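Work through the exercises below with the sequence and the 3D view open. Try each task before reading its solution.

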Amino acid sequence: MKRHTSRALRAGVAAATAGVTLAACGVGAEPVRNPELSDGDVTISYAWWGAEARAQLTLEAIELFEEEYPNIDVDPQYAEWGGYWDRMATTTAAGDMPDVSQFDQIYLSSYADRGALLDLSGVSNILDISALDERILETGRVDGTQYAVPLGGAANGVIINTTLFEEYGVELPDTSDWTWDEFTRAADDLVTASDGEVRGVSPFADSFSLGVWARQQGSEVFDDEGVALSADVLASFWQRQLDWIDSGAAPSVDHIIETTGATLDQTDLVTGRTAMAFIPAGAFIAYQSAAPDFDLDLVNWPSGDGIEPGFQYPKPTMYWVAASTSEHPAEAALLIDFLTNDTRVGEIFGLDRGEPANPAFTEAIEPDLDDTGREALAFSESVAQEMGDTPPITPNGASTLDALLNRYTQQALLGETSPREAAEGFINELTDSVRAVD
Amino acid sequence: MSALDEFRSISRSRRRTGPAGTDEETRDNKVAAIFLAPWLLGLLAITIGPMITSLYLAFTDYNLLQDPKFTGLENIRRMFTDDRLAESLQVTFTYVIVSVPLQLVVALGLALLLDRGIRGLSLYRSILYLPSLLGASVAIAVLWRLVFGADGLVNSFLDIFGVDGPSWVSDPDTALGTLIILHVWTFGAPMVIFLAGLRQIPRELYEAAATDGASRRRQLLSITLPLLSPIIFFNLVLGLIGSFQSFTQAFIVSNGTGGPSDSTLFFSLYLYQEGFTSFRMGYASALAWLLLIIIGAFTALNFWASKYWVFYHD
């Protein structure tokens, strides 16, 4: 009797939630195999994040695509980074993920493991990714399946405001081969010369710089097994920042926390409050255009004795993915193919989405590049010689990596816990959330 | 209850009006149903439906993309070992317990001042009401960062006196304080309600008290406050319910992190992070129900306590 009731109850509850459940059922449908393009009119949705300038460029590319394929109508959906992912989560939950989306490596495994993304090998009759380098393509795979087409990969660099160094008469060391000691001395000298008006360095701000730091110490944030980071390495990452703050080379903790998450044009580097920072190389052009009064330079990280070589790696800047729930996988694949291979798209985009992975794109845009663009390309060419193996992308369950890092960084920098304790807390929490989804 | 009684007596009297009344009655009921339908549909589709769904989800592991998996009481068990939940409860309770009474005191004080019949009352009232319209907006939260930042308005002011103020929004000890001030600043809505309430108090009572030689203080304590107590109670209940659910201010001022170091991690902000950033929608649903229970308990406590201090004079 009792059993009967509970079953009835469960059935009732299940019925009440049918809406949500059904919506989620769309995920994991029949795999797509060599679909045919439709002759009739088709509308596909296409989503990306980014600023207004990127929106204009992307809309231009869409127009070109629609001209080429008059029966396909592309519905553009764009937002800023934060809102983009909230919306992605909710629309995907409703079985309504955009047919084609711009994606980031931090979310790639999360969505792929949950069956939300289209296996691109099923549309290889339309989508040709042979122009891309194998090492780059690998970053778009999850467990050996190609779910994403990388747009490019870029190393992490030190951005230097050379105008400030000149203004205060501080000589920069030879940055083509410099050590951490030289780096710190340059930062300190600038603070002394400017009487504290300018700080030498903005501390590490994201998980990308943590990754490079870990590799310099011969470690990784993630390996194939999951979280590989050791507490010692992470503690040293924070200790280095604390040293800079204590010596005055970096701004105060208050100030660092206040500017956390600031938009690019409000960062200390752009406002000239600090002279050096660690940035993804793909963002260099955006920094330079946000700071037209300064002459910015992009160089490799300092190294020196005890630093592992090959610490740089091409971190995938972003991807194109298609939804597994797409009703028009053929047209979605066609749009991705167009965005990946048509050099006219390369010319329109320029370096807005980072340095392109397709060599034909680079060739097409090179003649028209301005100084900043050429500088960015020169940096990646010089770093390319020193690239090490590409680590696995952020695993499922770790898409909160940056939020988590930010939270523990604040604890460590504010002195609420020692760097060592914060490191253990961070690693435990990260490991738990990766294991929870296994 | 009384409205229901009235309704019954009306329908009873209708029935007594004879055979013609029955037709009219059914027609009236139909019309009523049609007029109610939009509201009823809305209630079912956007309130009751999602509530039932979220009650079910509260007992599942649901990552938004795959079918929810029933996990029984796992989410509730998780609450007991969740340090960030404890942190967010502490932050939320501090916020509610400090900011709600403080806001009521400010609103009441200003209402008493304005009630003295100064010239240009409606202008002052509008000006003082303005922050309430803006307070919950994103723009003001952004402004707050600028006012209480290291180079903000507050520190520029302190600088005049040679005080070098800290960055109020990025110090874990003061960040919540800035949000409490933001909440208190939106005193307009309760103030307007207080003003209306003050107008309801019969003037004769004050005249009689003045004749008997009662001081202004005495009048305030023995006439104004007791007669205003139902209004105070109303504002208190609304204020508590509203501030337990505060989200926007903390979200914007901390860039969605609840920082610095979780010092502004409001309950609803944590719930949001769990659901939409960590993809733990099942747990987030359980948290939503916990919030509902907490607010319900506080409101019940309020109603119970009201017997001892709220005075209904009719």
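**Exercise 1. Find which residues gather in a patch of negative charge on the surface.**

Step 1. A patch takes residues with over 30% relative accessible area and no salt bridge, and joins like charges within 9 Å. Asp and Glu count as negative.

Step 2. Name the members. They are Glu416(A), Asp83(B), Glu87(B) and Asp173(B).

Step 3. Glu416(A) sits in the loop between helix 18 (401–414) and helix 19 (419–435) of chain A. Helices here are DSSP runs (H or I, at least four residues).

Step 4. Check its exposure. Buried means under 20% relative accessible area, exposed means over 50%, and partly exposed lies in between (1.4 Å probe, protein chains only). Glu416(A) has 44%, so it is partly exposed.

Before going on, note the ground rules. This is a predicted model: local features need pLDDT of at least 70, side-chain atom pairs count only at pLDDT 80 or more, and totals for chains, interfaces and linings use all residues. Residues are numbered from 1 along each chain as its sequence is written, chains are lettered from A in the order in which they are written, and side-chain values use heavy atoms, without hydrogens and water.

**Exercise 2. Decide whether Arg344(A) and Asp342(A) are buried or partly exposed, and find how they pair.**

Step 1. A salt bridge is a side-chain nitrogen of Lys or Arg within 4 Å of a carboxyl oxygen of Asp or Glu.

Step 2. Apply it. The closest N and O atoms of Arg344(A) and Asp342(A) are 2.9 Å apart, and the two form a salt bridge.

Step 3. Compare cover. Arg344(A) is partly exposed at 34%. Asp342(A) is buried at 17%.

Step 4. Widen the view. Glu68(A) joins Asp342(A) and Arg344(A) in a network of salt bridges.

**Exercise 3. Locate the salt bridges of Glu424(A) and Glu74(B).**

Step 1. Take chain A. Glu424(A) bridges to Arg420(A), with closest N and O atoms 3.1 Å apart. Both lie in helix 19, four residues apart, about one turn of the helix.

Step 2. Take chain B. Glu74(B) meets Arg77(B) in a salt bridge (3.1 Å, N to O). Both belong to helix 3 (residues 74–80), three residues apart.

Step 3. Glu74(B) is partly exposed at 37%, while Arg77(B) is exposed at 53%.

Step 4. Over all chains, the count is 14 salt bridges.

Methods: Patch = residues over 30% accessible without salt bridge, like charges linked within 9 Å, V, L, I, M, F, W, Y side chains within 5 Å. Areas by Shrake-Rupley, 256 points an atom, 1.4 Å probe, with all protein chains shown as cover. Charge placed at Lys NZ, Arg CZ, Asp CG, Glu CD. Helix = DSSP H or I, 4+ residues; strand = E, 2+ residues; numbered from the N terminus.
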